[in-house]
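Let's walk through a protein fold together, one question at a time. Have the picture open and try each question before you read on.

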Amino acid sequence: MARIGTDILVSGGGVAGLTAAAAFSAAGYSVICVDPQPPVTSAEAEGADLRSTAILQPSIPLLQAAGLWPRLAPHAAPLQVMRIIDAGGVEPVPRVVKDFDAADISDQPFGWNLPNWLLRREMVAHLRSERRVDFRPGVATVGVLTRESEALVTLSDGTRISARLLVAADGRGSPVREALGIGVRTRRYGQKALAFTVTHPVPHQNVSTEIHRSGGPFTLVPLPDFQGKPASAIVWMERGEEALRLRALPVPEFEAAMNARSCGILGPLALNSQVNVWPIISQVADRMAGERTALMAEAAHVMPPIGAQGLNMSLADLRVLLQLAADHKADLGNAGMLDAYHRRRHWEVQARIAGIDVLNRASMAGEPAWRDLRAKLLDAMYGSAPVRRTLMRAGLGVR
């Protein structure tokens, strides 16, 4: 079978991989995008990703240039306020409540929130209309051989591809990364995250809320109304055994537990979906590039779901790749381009994951003395307006 030539092969059809395919196509490159699993594009379907993603301000221009934002914007809920609640006292009730308002640093919300399954649905629909993209769901990357001039890739259906640039967006267990022999450093927290959606009687008013007690944050993120009722996506991080115990509860008991953990801030929460469980780790690849290959998204970095950093760091990877591709259009994917990509992204990735690690460990605190210290630090940070604004800008990834 003859090899198929393309500018870029994107290995991985998650949200990051689909965005990369759309963005490189919009920039004028030919793209093949493959993923071993057909995308799940309905909340009710088996295997649906019920997590939600906040797309922060700096990521919007990239999505606009890729032609994706017009499809996504009608489904997005704005995130105007990030509310932090410490409920680490004797009783699970709010004792410190602090609001970080986007109006203090911008005339725009911090970002916009969308369910992950819906992101995939809209992105797949967009790719089907792109003549430069050949999207192949249900097809995996099974062989990678690189040389100075190209990446030679074999797919699970026997197709052989020659690509000027191979983009690995194939997840935390990245087969492409392993094929290139790039190692990773992994930190395990003994936590799992429960992801699900709820409806509630009290409007969320575009406020994303993190409630800290022990085990990890309980985060409520605004969604558009569901059947006329206010709705939110929840990520509930807990110690692994406790998370599994909670998921196994009958629905009435699970709802009682989540209402106690939510401190009742939005009134009685009603479960509105299945409950998914995700392991919580931090992971950083030793390098973000190899010969003719760039690692991005979870192939390069994984972190706990705190501060809406995950996908936005992946889109920051893509933003740098697009800039460097434009600078090296005549020899896309050459060693100079990929070395520059590694240098520009690896240090920032490590620094941001270190910061998230500190926040996660603080949120896990179970001893009363450590919980009291966490509350005092939150109070102190919020009390200084310059520190508060600096933290908000840092969270957005802007200076």
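Q: In this predicted model, how many bridges join strand 3 to strand 7?
A: Strands of a sheet pair through backbone hydrogen bonds, either parallel or antiparallel. Here strand 3 and strand 7 (residues 111–115) run antiparallel. One example has Ser 52 with its partner Pro 115 in strand 7, and another has Ala 54 with Asn 113. The number of bridges joining strand 3 to strand 7 is five.

Q: Which residue of strand 7 is the bridge partner of Leu 79?
A: Strand 7 also pairs with strand 4, and these two run antiparallel. Three bridges join them. In strand 7, the partner of Leu 79 is Gly 111.

Q: What is the order of the strands in this open sheet?
A: The sheet has three strands with antiparallel pairing. Strand 3 (52–56) and strand 4 (77–79) each pair on one side only, which makes them the edge strands. From one strand to the next, the twist averages 35°. The order is 3-7-4.

Q: What angle does the direction of helix 4 make with that of strand 7?
A: Helix 4 packs on the sheet. It touches both strand 3 and strand 7. The angle between the directions of helix 4 and strand 7 is about 90°.

Q: Are helix 1 and helix 4 roughly parallel or roughly antiparallel?
A: Two packed helices are described by the angle between their axes and the distance between the axes. The axes of helix 1 (residues 15–26) and helix 4 (residues 116–127) come within 10 Å and cross at roughly 25°. Angles under 35 degrees count as roughly parallel. That crossing angle therefore makes helix 1 and helix 4 roughly parallel.

Q: How many residues in the contact of helix 1 with helix 4 are nonpolar?
A: Helix 1 passes helix 4 in a left-handed crossing. Helix 1 brings Val 15, Leu 18, Thr 19, Ala 21 and Ala 22 to the contact, while the residues from helix 4 include Leu 119, Met 123 and Leu 127. The residues of this contact include three polar and one charged, and the number of nonpolar ones is eight.

Q: Is Val 15 buried or exposed?
A: Val 15 is found in helix 1. Beyond its neighbours within four places in sequence, Val 15 is in contact with Asn 116, Leu 119, Arg 120, Met 123 and Leu 311. Its relative accessibility is 12%, and the cut-off for being buried is under 20%. Val 15 therefore counts as buried.

Q: How many residues of strand 10 are buried?
A: Strand 10 (residues 150–155) has six residues.

Q: Which residue takes a positive phi in the hairpin of strand 10 and strand 11?
A: Strand 10 pairs in the antiparallel sense with strand 9 (residues 141–147) over six bridges. Four bridges join strand 10 to strand 11 (residues 160–168), also antiparallel. The hairpin of strand 10 and strand 11 has four residues between the strands. The residue with a positive phi, near 95°, is Gly 158.

Conventions:
Residues are numbered from 1 along each chain as its sequence is written. This is a predicted model: local features need pLDDT of at least 70, side-chain atom pairs count only at pLDDT 80 or more; totals for chains, interfaces and linings use all residues. Side-chain values use heavy atoms; hydrogens and water are left out. Axes are lines fitted to C-alpha atoms, for helices over the stretch in contact, and angles run from 0 to 180 degrees between N-to-C directions. Angles under 35 degrees count as roughly parallel, over 145 as roughly antiparallel, 65 to 115 as roughly perpendicular and the rest as oblique. A crossing is left-handed if the near helix is turned anticlockwise from the far one by less than a right angle, and right-handed if clockwise. Contact means heavy atoms within 4.5 Å. Ala, Val, Leu, Ile, Met, Phe, Trp, Tyr, Cys and Pro count as nonpolar, Asp, Glu, Lys and Arg as charged, and the others, Gly among them, as polar. Two strands pair if DSSP finds at least two bridges between them. Buried means under 20% relative accessible area, exposed over 50%, partly exposed in between (1.4 Å probe, protein chains only).
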